[in-house]
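Open the viewer and follow along, one selection at a time. Each stop says what to pick and what is there.

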Amino acid sequence: MKRSGGEAGRPMGHYSIAMLEKAVARNKTDNDELQLVLAELGYRKTSRAMELKDLTLRLIDKNRRARIASIGPLFRNFD
């Protein structure tokens, strides 16, 4: 059975790897956009795509940690 995801299934499916690299560079601190790129990279198997996937995962983690650190002081001395 053939399934057609269309644009909703892979909104970045038509992007070249160079376009995905630029999207990551433009959105280094936007985890929502990075998650979209990461989802597309799940379909890509080249070494260049794997390297970009690794970078994207590291950026997402870095952003997550920065967000946690920024709200951490709100909970100090909360007694």
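## Start with the whole chain

This is a predicted model. Its mean pLDDT is 88, and 80% of the residues reach 70 or more. Colour the chain by confidence. The lowest mean is in helix 1, at 68. The highest is in helix 2, at 98.

Now switch to a cartoon view. The protein has four helices and zero strands. From the N terminus on, the order reads α-α-α-α.

Of the 79 residues, 23% count as buried. Contacts between residues at least 6 apart in sequence tell another part of the story: 62% of them join residues at least 24 apart.

## Stop 1: Pro 11

Hide the surface and select Pro 11. You are in the loop between helix 1 (6-9) and helix 2 (17-26). Pro 11 is partly exposed, at a relative accessible area of 37%. Ala 39 is 28 residues from Pro 11 along the chain, yet their C-alpha atoms are separated by 9.5 Å.

## Stop 2: helix 3

Select residues 31-41, which form helix 3. Begin at its N-terminal end. Asp 30 caps that end, with a side-chain oxygen 3.1 Å from the backbone nitrogen of Asp 32.

Which residues of helix 3 are buried? They are Leu 34, Val 37, Leu 38, Glu 40 and Leu 41. Turn the view to look down the helix axis. The buried residues fall within an arc of 160°, so they line one face of helix 3.

Leaving out residues up to four places away in sequence, Val 37 touches Met 12, Leu 20, Ala 23, Val 24 and Thr 56.

## Stop 3: Arg 44

Move on to the loop between helix 3 and helix 4, and select Arg 44. Is Arg 44 buried or exposed? Arg 44 is buried, because its relative accessible area of 17% is under the 20% cut-off. Show side chains. A polar contact of 2.9 Å joins the side chain of Arg 44 to that of Glu 40.

Now show what surrounds Arg 44. Setting aside neighbours within four places in sequence, its contacts include Arg 10, Met 12, Gly 13, Tyr 15 and Ser 16. Also among them are Ile 17, Leu 20, Ala 49 and Met 50.

## Stop 4: Thr 56

Go to helix 4 and select Thr 56. Thr 56 is buried, with a relative accessible area of 0%. Beyond residues up to four places away in sequence, Thr 56 touches Val 24, Leu 34, Val 37, Leu 38 and Leu 41. Leu 34, Val 37, Leu 38 and Leu 41 were listed at the second stop, as buried residues of helix 3.

## Last stop: the nonpolar core

Finish with the largest nonpolar core, which has 13 residues. Select those with the most contacts inside it: Ile 17, Leu 20, Val 24, Leu 34, Val 37, Leu 41 and Leu 52. Where does this core come from? Helix 2, helix 3 and helix 4 each supply at least two of its residues.

Key:
Residues are numbered from 1 along each chain as its sequence is written. Side-chain values use heavy atoms; hydrogens and water are left out. Buried means under 20% relative accessible area, exposed over 50%, partly exposed in between (1.4 Å probe, protein chains only). The arc is that of the directions from the helix axis to the C-beta atoms. A polar contact is a pair of N or O atoms within 3.5 Å; within protein, one must be able to donate a hydrogen and the other to accept it, and residues adjacent in sequence count only if both atoms are side-chain atoms. Contact means heavy atoms within 4.5 Å. A nonpolar core is a set of buried Ala, Val, Leu, Ile, Met, Phe, Trp, Tyr and Cys residues joined through side-chain atoms within 4.5 Å. pLDDT is the predictor's confidence in each residue, from 0 to 100.
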